[in-house]
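Biologist: Before we use this model, I would like the terms behind its description spelled out. Please set each value against its definition.

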Amino acid sequence: MKHIISVLVENKFGTLNRVAAMFSARGFNLESISIGETEDNEISRMTIITRGDDHIISQILKQLNRLVDTLKVVDLTHKPHVSRELLLITLNLGKQTQQQIFSLIDVFKGKVVDIKQKSITIEVVGSPDKIDTTIDMFRPLGIKEIARSGTVAMNRGEA
Amino acid sequence: MHTTGKKMKGSEIFFECLRREHVDYIFGYPGGALLKVYETLHDVKDIKHILVRHEQGAAHMAEGYARATGKPGVVLVTSGPGATNTVTGISNAHMDSSPLVVFTGQVPSSLIGNDAFQEADIVGITRPITKHNFLIKDIKELAITIRKAFFLATQGRPGPVLVDLPKDVMNSECVFHWPENIEIRGFKPTVKGHENQIKKAAKMIAKAKRPLLYVGGGVIASGASDALRKLAIEQNIPVTMTLQGLGAFPGNHPLSMGMLGMHGTFWANQAVNQCDLLISVGARFDDRVTGKIDTFATHAYKIHNDIDPTNIDKNIKVNLPVVGDSRHFLEEVVRELPEKSEDRQPWLDDIEKWRKECPLVFSVDETSLKTELVIDEASKQTGGDAVVVTDVGQHQMWTAQYFKFINPRSIITSGGLGTMGYGLPAALGAAFGIHDKPVILFCGDGGFMMNIQELVTAVYYKLPVKIFLINNSFLGMVRQWQELFHEEKYTFTDLEKSNPDFVRVAEAFGVKALKATNPAEAKTAIAEALAYNDGPILVDFKVVKKDMVFPMVPAGASISEMLLERLNPKTMV
């Protein structure tokens, strides 16, 4: 099954490579990986989306922990967490589709970030599932290009 | 010497750090990116630099030294090809958990990434085969990074660490500061096993009727041999060892069952299948040990102690994991155990029965020579009290079977990576560290050619290494598989027509050399070699061409399906 793993790492060159190389060397699936600085500029947070059975996931967590540059590894899958992804999607703008496009933007609470005579670029933020659905719904309307940020996630704060 | 607070050159800081890490030997080879370092080395008298003839030799030599002494091996090579030549040696140390600190020269910082002369991204190349590695970008980071490198290489599960030294960093200056205490926040190995898990392990051991200790290199790395001996002997538990674990328990003790796995003893593999409790200490359930996973030790409750949590449940699902140092684990288990445990005599009787059923034996014929005899004879003549280094292949497995290792750190062999060419340089490294017992190398004729240039090093430093060349003019282990599983198509494994005369080659290097073609000559040659201490000596043992290592578990088969002998005896030459 799909797992969402949050990893705090040293903010150093090569760290992303160490993590990605470990996944490829051991044949683990790596669906998406995103990385950015945290409140402490010496530490970055990586969010990794991967798939595997319990045995594989447990190996992934241990192998991540073993890397010297990783500080904390948490599997968020079964913990309360928030996850978000950013989608940028460019569509062909035509007379017949215009209406539908705008109503879908409304449905998905999207934002128009660029518009030209023949094309429109929209930004949508949401859970990875919502992003998948957004893409599915826009697909019949003529997608020109897609960019997804990969998922970022955090555990939910305490009450 | 008071150096803290003094302004020093990068190259001076480098040697000062090595001094503080108590480094005796550096195995190295100079080059353009290291000129400043070698300039400083000119006046360094307390650290000995050993000049190798190929950087791969330096890495294996450092590993041989590390495995023989327990201290980290240090390598110093130049940028580009110097660095890439160490890759096999680093990978070998990574697979076998040997502490190595490899220093590579690098082009000046300003040229990195420009495809400069002798530039290679060695940090990128070695990321997956080091425990960790560093590129030093600022001289202020030099001392702390070297400190971290030694710390990482030796703490927890040992392994190789690489430090890349750009030329300009070594030329620049800064005030030296030695960080006595360091902390690496992402590296905190669990040394002490969980108390309750250890208590539970002791309980399981006390009530087991058919317990078996399966121990690996972790016992040797952690210095746990005494604790192991205590546990096994007090509790009457038989011990089987992995290739890297040999010597952890004395091979001449009745409770020793020798090696298990693909070329392990019949009785050890039978015991694995029949035991009710498998106590794995510092071993990693390698595929050469387990054979087919689903049929491995199916009747046993499994305890697994290892310092590296990734080894737990990696290949075999265990019932009771204990992450921690093996010595701590064994000492605590011994402390927890009651004096009286279950009666194990019936279990030991079963094992004795298997031992008699399929003993390790070889035939002796007065006119031809078998490797088994050479190894058995060397074992007898030394009483097992030697440091034995091997290369990779049939002779390696026969060494594991027939040499009776009695001390830890007495077998040095490439287990995980299986690196041909490892033996000769590793033996030299061991000889730099060990002076009170003979260092014997068993090496096939194939692997010997792969780092033969290091004979120069042996001669130059007058190392009294006994080079026992097991010469069957074949890549014997590959040939064995070709015979058994590939329709006897001996494609490119017969070296008869291309091998040189090894006695003459050795002599040209300045190595004393003998030849033996039958058991009588072999015995005399071994005695002569053991008595000779004036530098290296080589014995060219002309052994039978088509001998096979048995017993054998075919790859992927269950360890209960051992081949005990050749199926078709007529192919024997």
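Biologist: What share of the contacts in chain A with a separation of 6 or more is between residues 24 or more positions apart?

Modeller: The share is 72%. Two residues are in contact if their C-beta atoms, placed from the backbone, lie within 7 Å.

Biologist: What kind of model is this, and how are residues and chains labelled?

Modeller: This is a predicted model, in which local features need pLDDT of at least 70, side-chain atom pairs count only at pLDDT 80 or more, and totals for chains, interfaces and linings use all residues. Residues are numbered from 1 along each chain as its sequence is written, while chains are lettered from A and ligands numbered from 1 in the order in which they are written.

Biologist: What is the predictor's confidence in chain B?

Modeller: pLDDT is the predictor's confidence in each residue, from 0 to 100. The mean for chain B is 96, and 98% of its residues reach 70 or more. Over residues 568–573 of chain B, however, pLDDT stays under 50. For the complex, the predictor gives an ipTM of 0.90 and a pTM of 0.95.

Biologist: How many helices and strands are in chain A?

Modeller: Helices are DSSP runs of H or I with at least four residues, and strands are runs of E with at least two, numbered from the N terminus. By that rule chain A has four helices and nine strands. Their order along the sequence is β-α-β-β-α-β-β-α-β-β-α-β-β.

Biologist: Which residues have the most contacts inside the largest nonpolar core, and what makes a set of residues such a core?

Modeller: A nonpolar core is a set of buried Ala, Val, Leu, Ile, Met, Phe, Trp, Tyr and Cys residues joined through C-beta atoms within 7 Å. Buried means that 20 or more other C-beta atoms lie within 10 Å of the residue's own; 12 or fewer is exposed, and in between is partly exposed, with C-beta atoms placed from the backbone. The largest core has 184 residues, and Val75(B), Val215(B) and Phe468(B) have the most contacts inside it. Beyond four places in sequence, the contacts of Phe468(B) include Val374(B), Ile440(B) and Phe541(B). Another core, of 11 residues, lies apart from the largest one, with Ile89(A) and Val124(A) among its members.

Biologist: What percentage of chain A is buried?

Modeller: Of the 159 residues in chain A, 25% are buried.

Biologist: How many residues of chain B are in contact with chain A?

Modeller: On chain B there are 13, in contact with 16 residues of chain A.
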